[in-house]
Each structure stands twice: as C-alpha cells, then as structure tokens.
Amino acid sequence: SRALTSTFLSQHLVHSHEPGTWPPGDYYSDGSGGPNSSNARLRRAATAGLSFDKELFNNSGHFAPRINRFVASDVPGLQTINRAELLGIILILEAVLPEPGKWTVIHSDSGYCVNTYAIRGRARALLGTNADLWQRFFDQVDRHNYLVILKKLTSHLGLEDSICGAISLPDLVGNALVDELAKSTAVALSLPPDIVSGVHAV
C-alpha cells in the first residue's frame, strides 16, 4: 500500500480528474482542517475519498488493509470543514462511472452533508451556505440518476466498538483510512511554521 506521507501527497494532490473511471460501490470520505484547524485565518482545509480491498488480512494472516482508489485535494473558497467534507463526496461522485441499477454509497461522518442531502434537500441546500458546492453535488446526483446514498458514520470509534456491534469492521477501517488521508493531505497543505508563528505574534 502507498505510504500516506506529506511528500507523496504533495506530489499527488488531485485538483481535477476525468470523470467516470471508478465503478459504483462503497466509498469513504472525510475532511480535515490540518494542524491549524482551530484558527480560521491559518486553517488550510483538505479533503479525501477512497475505497479499499475488502480482504483486510494478507496471506500471512496479518491485518493489512489496502487502498485501491483514492482522491486527495485542497478546498477552494472558504477553508471550512463542512466544505472539505462535502467536496470529498463530490470528488468521489465525479470519479465514478454510473451504471444502471448500481448504487454508489459514500460513508461519511459528516452530519452536515448527510442531513442536508436526506432532510433539507436540494432547494434549501442551494439557498444556504456552500451553495456552489451543493450545486456541484446535485449535478452529480442527477448524473447518477439518484443512485446515491450518503451513509452516516460515527467518528472516533475503536475496535472495541466494532466488537460490540456499534460499527462494522469495514466501516471502522474505511473511516480510519480516509481520516488519515485527509489529515495527511492537510498537513502537506499547511502554512509554513514561520508564517504561523508570525500570525500568532500579531
């Protein structure tokens, strides 16, 4: 599997890509504000989406999940976590080639994204915050003929929660992998330490 290092990510950040190269199926998305997430002036948000092999153990019986498709990107416009979360979902939908009768299921821990899609709906989303990204999202929903499910995941769970049935092992793994990818991407995009220290000094 590819190491999620800042050097690797800085060379492979995806800003645009040809649509229709991934199959419908299960994907995971997340967003991160990086090391300066608590400071809106310094935050450089990042987003990520991925899928992984369902066989979680290698031939030796060791736990070794492998990412097979991924996208990682900076976030245009306001550097908010909500925009990062939404953009990750959009990038996945743009990368998937729709097939009749086949659903694309995107697992996300973003209540903002899931609730806006499931409860608020298109009309209200396009009148609210992040309307530019919601328009892009619903354009993809149309392209997929509405065969799009956003599944809410609970974040910050561990193996003990999976054992107790609070989350499936694949969902636990997928959420952890995409969380790490989003965080690593945000680190690669973060402002240099001298700029950060200068802002704090003001």
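Colleague: Which residues have the most contacts inside the largest nonpolar core?

Modeller: First, what you are looking at. The model is predicted, so local features need pLDDT of at least 70 and side-chain atom pairs count only at pLDDT 80 or more, while totals for chains, interfaces and linings use all residues. Residues are numbered from 1 along each chain as its sequence is written, and side-chain values use heavy atoms, with hydrogens and water left out. Now the term. A nonpolar core is a set of buried Ala, Val, Leu, Ile, Met, Phe, Trp, Tyr and Cys residues joined through side-chain atoms within 4.5 Å. Buried means under 20% relative accessible area, exposed means over 50%, and partly exposed lies in between (1.4 Å probe, protein chains only). Here the largest core holds 27 residues. W22, L86, I89, Y117, F137, F138 and L150 have the most contacts inside it.

Colleague: Which elements give two or more residues to this core?

Modeller: They are α2 (81-95), α3, α4 and β5 (148-152). Helix α2 gives the most, with nine residues.

Colleague: What share of the protein's residues count as buried?

Modeller: Of its 202 residues, 45% do. The accessible surface is about 10,200 Å², and carbon and sulfur atoms own 55% of that. Such areas come from the Shrake-Rupley method with a 1.4 Å probe; for residues, only the protein chains shown count as cover.

Colleague: What share of contacts join residues at least 24 apart?

Modeller: Contact means heavy atoms within 4.5 Å. Take the contacts between residues at least 6 apart in sequence: 72% of them join residues at least 24 apart.

Colleague: At what angle do the axes of α3 and α4 cross?

Modeller: Two packed helices are described by the angle between their axes and the distance between the axes. Axes are lines fitted to C-alpha atoms, for helices over the stretch in contact; angles run from 0 to 180 degrees between N-to-C directions. Under 35 degrees counts as roughly parallel, over 145 as roughly antiparallel, 65 to 115 as roughly perpendicular, and the rest as oblique. Helix α3 spans residues 111-125 and helix α4 spans 131-143. Their axes come within 11 Å and cross at roughly 90 degrees. The two helices are therefore roughly perpendicular.

Colleague: Which residues of α3 meet α4?

Modeller: From α3 come Y112, C113, T116, Y117, G121, R122 and A125. They meet A131, W134, F137, F138, V141 and D142 in α4. By class, this contact has nine nonpolar, two polar and two charged residues. Ala, Val, Leu, Ile, Met, Phe, Trp, Tyr, Cys and Pro count as nonpolar, Asp, Glu, Lys and Arg as charged, and the others, Gly among them, as polar.

Colleague: Is F138 buried or exposed?

Modeller: F138 sits in helix α4. It counts as buried, because its relative accessibility is 2%. Leaving out residues up to four places away in sequence, F138 touches Y117, G121, R122 and A125. On the same terms, F137 contacts L86, I89, I90, L93, Y117 and L150.

Colleague: Which residues does I92 touch?

Modeller: I92 is in helix α2. Its relative accessible area is 0%, so I92 is buried. Beyond neighbours up to four places away, I92 touches W22, Y27, Y28, S29, G49, L50 and I106. I92 and Y28 are 64 residues apart in sequence, yet 8.7 Å apart C-alpha to C-alpha.

Colleague: Where is S32?

Modeller: In strand β1. S32 counts as buried, at 9% relative accessibility.

Colleague: Where is N145 found?

Modeller: In the loop between α4 and β5. Phi of N145 is near 55 degrees, a positive value in a residue other than glycine. N145 is exposed, with a relative accessible area of 59%. Y146 is in the loop between α4 and β5 too. Its phi is near 65 degrees, again positive and not in a glycine. Y146 is partly exposed, at 44%.

Note on methods. Helix = DSSP H or I, 4+ residues; strand = E, 2+ residues; numbered from the N terminus.
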